[in-house]
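Hi everyone, thanks for making the time.

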Amino acid sequence: MSKLTKRRIAIITVILALLILCIIVYVGNPIKNDMFPCSVKKMTGLSCPSCGGTRWAYCMMKLDFKKAFYYHAYLTVMFLPIMYILTAVAVNGFFDKIIIPYPKHPLIEYIICLALLVVFTVVRNFIPTIL
């Protein structure tokens, strides 16, 4: 099996796994049921960077952007850039050529995204009235 075929199988597998996870979240309704409780929040009382992510995904699938922003403001704001990068990686990897251009300065952009996530997490835990 060639390297390209293995890469394509891996990409398809990841996409199928994400689809299955989306179906589980959509059917399970994490707003009513605590599907994936956060162990960090249980142990420390602080919200981790991904706390609210499952409820956010559920609201995004329902196209309820206001609630999605309430559950995870960072993901709501960063949704389009993150989806662009993930789509570029998947499409370019699948076809083994650049079809969707990557960001011009990816390291700087990744550092900025990570810094914003850290700021969001700190603000969310220590200034809860803002987010």
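Let's start with a pair of helices: H1 passes H5 in a left-handed crossing. Please keep in mind as we go that this is a predicted model.

Which residues of H1 and H5 meet? On the H1 side you'll find Leu-4, Arg-7, Arg-8, Ile-11 and Ile-12. On the H5 side, look for Ala-90, Gly-93, Phe-94 and Phe-95. Sorted by class, that contact has six nonpolar residues, one polar residue and two charged ones.

Hold on to Arg-7 from that list, please. The structure holds one salt bridge, and Arg-7 is part of it, with its side chain meeting that of Asp-96 at 2.9 Å, N to O. What does the pair link? Distant parts of the chain: Arg-7 sits in helix H1, Asp-96 sits in the loop between H5 and H6, and the two are 89 residues apart. Is Arg-7 buried, exposed or partly exposed? Its relative accessibility is 29%, so Arg-7 counts as partly exposed. Asp-96 is also partly exposed, because its relative accessible area is 46%.

Phi of Asp-96 is near 60°, a positive value in a residue other than glycine. Why point that out? Because most residues other than glycine have a negative phi.

Where else do we see a positive phi in a residue other than glycine? At Leu-63, where phi is again near 60°. Leu-63 lies in the loop between helix H3, residues 53-61, and helix H4, residues 65-71. With a relative accessibility of 60%, Leu-63 counts as exposed.

Now for a residue with a rather different setting. Thr-121 has its place in helix H6, and it counts as buried because its relative accessibility is 13%, where buried means under 20%. What does Thr-121 touch, once we leave out residues up to four places away in sequence? Its contacts are Ser-47, Cys-48 and Pro-49.

How many helices and strands does the chain have? Six helices and zero strands, so to speak an α-α-α-α-α-α run from the N terminus on. Along its principal axes, the C-alpha trace spans about 50 × 35 × 30 Å. Of the 131 residues in the chain, 24% are buried. The chain exposes about 9,400 Å², and carbon and sulfur atoms supply 74% of that area. Finally, among contacts with a separation of 6 or more, 46% come from residues 24 or more positions apart.

Notes:
Residues are numbered from 1 along each chain as its sequence is written. This is a predicted model: local features need pLDDT of at least 70, side-chain atom pairs count only at pLDDT 80 or more; totals for chains, interfaces and linings use all residues. Side-chain values use heavy atoms; hydrogens and water are left out. Helices (H or I, at least four residues) and strands (E, at least two) are DSSP runs, numbered from the N terminus. Buried means under 20% relative accessible area, exposed over 50%, partly exposed in between (1.4 Å probe, protein chains only). A crossing is left-handed if the near helix is turned anticlockwise from the far one by less than a right angle, and right-handed if clockwise. Contact means heavy atoms within 4.5 Å. Ala, Val, Leu, Ile, Met, Phe, Trp, Tyr, Cys and Pro count as nonpolar, Asp, Glu, Lys and Arg as charged, and the others, Gly among them, as polar. Accessible areas come from the Shrake-Rupley method with a 1.4 Å probe; for residues, only the protein chains shown count as cover. A salt bridge is a side-chain nitrogen of Lys or Arg within 4 Å of a carboxyl oxygen of Asp or Glu.
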